[in-house]
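I opened this entry to look up how the chains of a model meet, and I kept the notes in the order in which I checked things.

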Number of protein chains: 2
Amino acid sequence: MSHSRDDCEFLQLHPHIVEQVQAELPSEAEQGELAELFRMFADPTRLRILTVLQVSDMCVCHIAEVLGMTVSAISHQLRLLKNARLVTARRVGKSVIYSLADDHVRVMMKNGEDHVRE
Amino acid sequence: MSHSRDDCEFLQLHPHIVEQVQAELPSEAEQGELAELFRMFADPTRLRILTVLQVSDMCVCHIAEVLGMTVSAISHQLRLLKNARLVTARRVGKSVIYSLADDHVRVMMKNGEDHVRE
DNA sequence: CTAATAATTGAATGATTGTTCAACTGTTTG
DNA sequence: CAAACAGTTGAACAATCATTCAATTATTAG
């Protein structure tokens, strides 16, 4: 590190602020989980899948058709969304129908949209 | 594509569902902006920076110290957060003090935390 | 049982990205 | 002015990741 701790003059005026703030921070494990959750919404394809499922439950085949992508690509992303408990799957005959896991997903997306609209 | 549109029997029962759902979807530009917003929260370091700034405005030097990372690494991430209008910067002497841009950031994070806690 | 449809999976590939390092710009102090 | 501090920036590197392709599982129809 070219900047070591003692380089900062400001720190000498507030010698305890670093420890104080550190004490208030959530654990790294919690932050990691939170980052993983946001990461699910951070990819355009996953976001579009979630948007589609807000309109209607759908089989993989339909989702792929709506988004103009391969079934394989969609299936890979659905697996991530399912592992993150953002969607659930139920089998109906040969098809597997995916749904949003709960309303929290809608809230998260609505919140993001509000911020984008400034 | 190994699965073409006409392969799906379900589609023949609901021939217009794809077009109906497509018509309700937001534009790709909107979805892209939304994904970019979520991407800012999707990295542990950026998330920790935002958490630190929730406790107190801080100079780059302090943030680096609290998180145990180099000033350079923090500065790179702060640039992304500033471009996304999630933080603002003001110069005070030799230091640059960073702050959360607005309360929307807090809302977004609180929402994510609620979902992580199930 | 065989053929066809629906979906999943693993490996490979190309693109993106977070951190490091070194060089650089601003600001203050002597 | 020169020296020191605070922060920024660009290139390079390693790691992560989304998509493709091919092979495979599961279900249904003939």
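**Where chain A and chain B meet**

I looked up the contact (heavy atoms within 4.5 Å) and found that 58 residues from chain B and 58 residues from chain A take part. I noted that this is a predicted model, in which local features need pLDDT of at least 70, side-chain atom pairs count only at pLDDT 80 or more, and totals for chains, interfaces and linings use all residues. Residues are numbered from 1 along each chain as its sequence is written, chains are lettered from A in the order in which they are written, and side-chain values use heavy atoms, with hydrogens and water left out.

Next I looked up the buried area (the accessible area, with a 1.4 Å probe, that two parts lose on being put together, summed over both), which is about 5200 Å² between chain B and chain A, with 74% given by carbon and sulfur atoms. Phe38(B), His62(B) and His115(B) supply 13% of the area that chain B buries against chain A, more than any other three residues.

I then searched for salt bridges (a side-chain nitrogen of Lys or Arg within 4 Å of a carboxyl oxygen of Asp or Glu), and the count between chain B and chain A is zero.

**How the copies are related**

I superposed the copies by least squares on the C-alpha atoms of residues with pLDDT of at least 70 in both, and a rotation of 180° with 0.0 Å of shift along its axis brings chain B onto chain A (RMSD 0.0 Å). The two copies are therefore related as by a two-fold rotation axis. I also noted that the same surface serves both copies, since 100% of the contact residues of chain B recur in chain A.
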